[in-house]
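Dear colleague,

I am handing over the structure below, followed by some notes on what was found in it. Please read them with the structure open beside you.

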Amino acid sequence: MDLSRRAVLAASLAATPLAALASKGPRKLVRPPALKPGDSVALIAPASTMPDAAEVESARQFVFSLGFRPVFGLHATKTWGYLAGTDEERAADLNWALRDPSVDGIMCLRGGYGAMRFLPSIDYEAARAHPKVFIGYSDITALLVAITQKAGVVTFHGPVGTSSVSEFSTNWMMRALTQPRPLGTYTQPDPAKAGKGDFELVTVHGGKASGPLVGGNLTLLSCLMGTPYAPDIAGKILFIEEVQEAPYRIDRMLTQMWLSGDLQKVRGVALGQFTDCDSQEPGSSWRVRDIVALRLKPLGVPVLSGLPIGHVKDKITLPLGAMAQLDADAQTLTVLEPAVS
């Protein structure tokens with residue numbers, strides 16, 4: 001695999017804790033410039049190690065097929081235990097991508113675990129000074145939430161470099177990253193073409209509400225509670241997805257967020273896919289849909305389930321920080337403003 005000569009700069013751009021910045025509140029939202037054909041996209045691995053060289057090459061080809069120039073972080077293919085390099089190495093790759101003016105966008109190669117380990121080492125000032133598209137999901141939720149909150153920059157919950165490619169997923173991603181106009185109302189995958197997933201829209205609690213988007217993987221959102229990087233969900237449209245977590249674990253995480261007092265402050269909840277969750281506890285009389293109703297319906301805000309968000313082939317890309325409207329009666333989620341400039 002050819003690594004860009006620029007990537008070697010990552011070693012000298014070691015991550016520097018920015019405690020003072022991390023203590024600051026939200027800033028006025030900044031939209032990153034839209035990606036254009038020929039732009040460079042840094043591929044980094046801020047969480048789990050990459051499975052093999054074939055996956056790395058597949059990610060490179062995916063980015064190239066979109067019309068962008070893939071550039072790998074210096075440590076993107078490293079392994080340190082179950083992580084893609086040490087915390088310092090993974091932070092260095094992210095900070096290199098944030099600081100280097102020749103990098104136009106950043107895509108994470110995969111999720112897994114480990115992104116939250118180096119949240120204090122992110123150069124949030126660089127993220128603010130040089131806003132650029134940053135996209136990923138699953139464990140990358142920690143980085144998306146932190147950068148949007150601490151730097152005040154729109155980030156994107158969407159495919160990673162090793163995501164299964166589908167026309168539906170790619171279209172929504174490119175719409176979000178390359179078109180400086182309101183995204184509009186999300187659609188559902190065509191049942192005749194859709195891969196695995198339960199895309200039946202269900203109104204858990206009716207109503208209509210507007211607010212900035214925030215959310216991601218439920219495990220990460222709940223694990224960040226009580227830290228300086230806890231997601232600010234008050235007055236927001238919260239979206240949630242999960243994979244391979246038994247219903248009682250879903251219950252525990254939602255209960256934790258409820259006990260914190262934050263869950264009661266949301267304006268609406270958009271539920272994505274809970275992939276392979278019910279199968280983790282086949283003997284239980286309660287399913288995820290039951291837990292969702294028990295925990296979220298009493299909030300009295302719009303709650304809609306079945307959206308194509310999360311660990312499925314067919315997924316939408318959601319811009320964290322952008323204003324959206326959730327209409328649980330009409331069963332729609334609409335982004336009201338551009339995500340890029």
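Cysteine 108 is buried, with a relative accessible area of 0%, where buried means under 20% relative accessible area, computed with a 1.4 Å probe on protein chains only. The sulfur of cysteine 108 lies 18 Å from the closest cysteine sulfur, that of cysteine 223, and is therefore too far away for a bond. Cysteine 277, at 1% relative accessibility, also counts as buried, and because its sulfur is 15 Å from the closest cysteine sulfur, in cysteine 223, that distance too is too far for a bond. With a disulfide taken as a pair of cysteine sulfur atoms within 2.5 Å, the count comes to 0.

Please note that this is a predicted model, in which local features need pLDDT of at least 70 and side-chain atom pairs count only at pLDDT 80 or more, while totals for chains, interfaces and linings use all residues. Residues are numbered from 1 along each chain as its sequence is written, and side-chain values use heavy atoms, with hydrogens and water left out.

Strand 6 meets strand 14 (residues 332-335) in the antiparallel sense over 2 bridges, and glycine 184 has valine 335 of strand 14 as its bridge partner.

Best regards

Conventions: Pairing = 2+ DSSP bridges. Helix = DSSP H or I, 4+ residues; strand = E, 2+ residues; numbered from the N terminus. Buried < 20%, exposed > 50% of the residue type's maximum accessible area, 1.4 Å probe, protein only.
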